[in-house]
Amino acid sequence: MTTHGGFEPVFCTIVPPHVLDRLAQHADPVLAGPARRTLQRDAFERTHRRLTTVIGAATVAPRAGAEAGKPHRTVYDARHGTELPGRKVRTEGEEPGRDATVNRAYAGLGATFEHFLEVYRRDSVDGAGLPLDATVHYDREYNNAFWNGEQMVFGDGDGEIFLDFTVALDVIGHELTHGVTQHTANLTYYGQPGALNESVSDVFGSLVKQYSLGQTAAEADWLIGAGLLAPRVTGVALRSMKAPGTAYDDDVLGKDPQPATMDDFVRTGRDNGGVHINSGIPNHAFHLLATALGGHAWERAGQIWYDALTGGELAQDALFADFAALTLKAARERYGDGEELEAVGKAWERVGVRTP
């Protein structure tokens, strides 16, 4: 594990605080109430995560009977409470039950594990067979899903703005990829390194979905969280990697604020320095690379990103330009001075990130 000065897992949610902030200010208590409660719960979990980091969390050891290269999944039901992990409802190898949310969470953990193992030869998020735990039916009308440094947690949504958070496979892949980053580059969760942290999760979350569906880069929708927004919302997803800033434009949620290039980089102290906002820039760079290379995005484009993330040279406080330079290095080392290297350079150039 690359620590780069300290192992500091962070609390990462799929729905950005700026979205919930806007909802919380709505005049309709049906919309504002769940958003306010979600923000309060997120604040509590974020503080708990920090305290755990300071005090030290118990090491998660491989479980009895777990085989290397095989997933070891456990799904728990919080039964609308907030105590984690909750009641155990499905373990590795058990048949599906009647609860579709439990089944989707179990399948999503498996699909993410399979992607990292089969494509990048990574055994679970830590590379050493870490058990994958998930809790569903967390709290009441909880409008989020998160990785807390140890496990996945899914809310059911309020039914008005957000639906069940297990419906989007890329959300599961996104959150578990925070675990991969946690165990490799451990990118600081603020400013540009924080936006890289979020972007890497979007990239591999999308690739998990594409791999599961057998889609090429041209066939993929490049949306993060498609299916999460309720019918009343004017939008298609939480984010678009293909066209950042276009995922939603709604009277309640407002307009998607993500920039596609450095010309529109957002400087803000909110959302940990805009980690969910400026992630649109490296997201767009990856989409440009993947579509330029064609075929399956998890192969060449994904491999380059994975090499840059896990190669041991990515600093915790890396800026976009630092990551871009490492992707160029990764492309050259793996593929030589061919079309892959040229495509990487052009992708970063088009989003306005200067590379050496």
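This is a predicted model: local features need pLDDT of at least 70, side-chain atom pairs count only at pLDDT 80 or more; totals for chains, interfaces and linings use all residues.

Me: Start with α9 and α10. At what angle do they pack?

Reply: The angle is about 170°. Their axes lie 8 Å apart. Helix α9 covers residues 320-335, and helix α10 covers residues 339-350.

Me: What does that angle make α9 relative to α10?

Reply: Roughly antiparallel, because angles over 145 degrees count that way.

Me: Is the crossing left-handed or right-handed?

Reply: α9 passes α10 in a right-handed crossing.

Me: Which residues make the contact?

Reply: From α9 there are Phe-323, Ala-324, Thr-327, Leu-328, Ala-331, Arg-332 and Tyr-335. From α10 there are Glu-340, Leu-341, Val-344, Gly-345 and Trp-348.

Me: How do the residues of that contact divide?

Reply: Eight are nonpolar, two are polar and two are charged.

Me: OK, now α8 and α9. How do their axes cross?

Reply: At roughly 120°, coming within 8 Å. Helix α8 is residues 300-310. The crossing of α8 and α9 is right-handed.

Me: And who touches whom there?

Reply: α8 brings Arg-300, Gln-303, Ile-304, Trp-305, Asp-307, Ala-308 and Leu-309. α9 brings Phe-323, Leu-326, Thr-327, Ala-330, Ala-331, Arg-334 and Tyr-335. The contact of α8 with α9 has nine nonpolar residues, two polar and three charged.

Me: What about α4 and α5? Where are they, and how do they cross?

Reply: α4 is residues 169-182 and α5 is residues 191-213. Their axes come within 7 Å and cross at roughly 130°. That makes α4 oblique to α5. The crossing is right-handed.

Me: Which residues of α4 are in that contact?

Reply: Leu-169, Asp-170, Gly-173, His-174, Thr-177, His-178 and Thr-181. They meet a set of α5 residues, including Asn-197, Val-200, Phe-204 and Lys-209.

Me: How many polar residues in the contact of α4 with α5?

Reply: It has 10 polar residues, with four nonpolar and four charged.

Me: New topic: the backbone. Which peptide bond is cis?

Reply: The one from Leu-84 to Pro-85, with omega near 5°. Most peptide bonds are trans.

Me: Where does Pro-85 sit?

Reply: In the loop between β2 (73-77) and β3 (87-91). His-80 lies in the loop between β2 and β3 too.

Me: What is the phi of His-80?

Reply: Positive, about 65°, although His-80 is not a glycine. Most residues other than glycine have a negative phi.

Me: Last topic, cavities. How many are 30 Å³ or more?

Reply: The structure holds two of them.

Me: How much space is in the second largest cavity?

Reply: About 40 Å³.

Me: What lines the second largest cavity?

Reply: The lining is Pro-16, His-18, Val-19, Leu-238, Arg-239, Tyr-248, Asp-256, Pro-257, Gln-258 and His-276. Five of these count as nonpolar, three as polar and two as charged.

Technical notes:
Residues are numbered from 1 along each chain as its sequence is written. Side-chain values use heavy atoms; hydrogens and water are left out. On a 1 Å grid over the protein atoms alone, a cavity is a set of points where a 1.4 Å probe fits but cannot get out, and a pocket is an open set with protein on both sides within 12 Å along at least five of seven lines; lining residues have an atom within 4 Å of a point. Grid points are joined across faces, edges and corners, and a volume is the space filled by probe spheres set on the points. Ala, Val, Leu, Ile, Met, Phe, Trp, Tyr, Cys and Pro count as nonpolar, Asp, Glu, Lys and Arg as charged, and the others, Gly among them, as polar. Axes are lines fitted to C-alpha atoms, for helices over the stretch in contact, and angles run from 0 to 180 degrees between N-to-C directions. Helices (H or I, at least four residues) and strands (E, at least two) are DSSP runs, numbered from the N terminus. Angles under 35 degrees count as roughly parallel, over 145 as roughly antiparallel, 65 to 115 as roughly perpendicular and the rest as oblique. A crossing is left-handed if the near helix is turned anticlockwise from the far one by less than a right angle, and right-handed if clockwise. Contact means heavy atoms within 4.5 Å.
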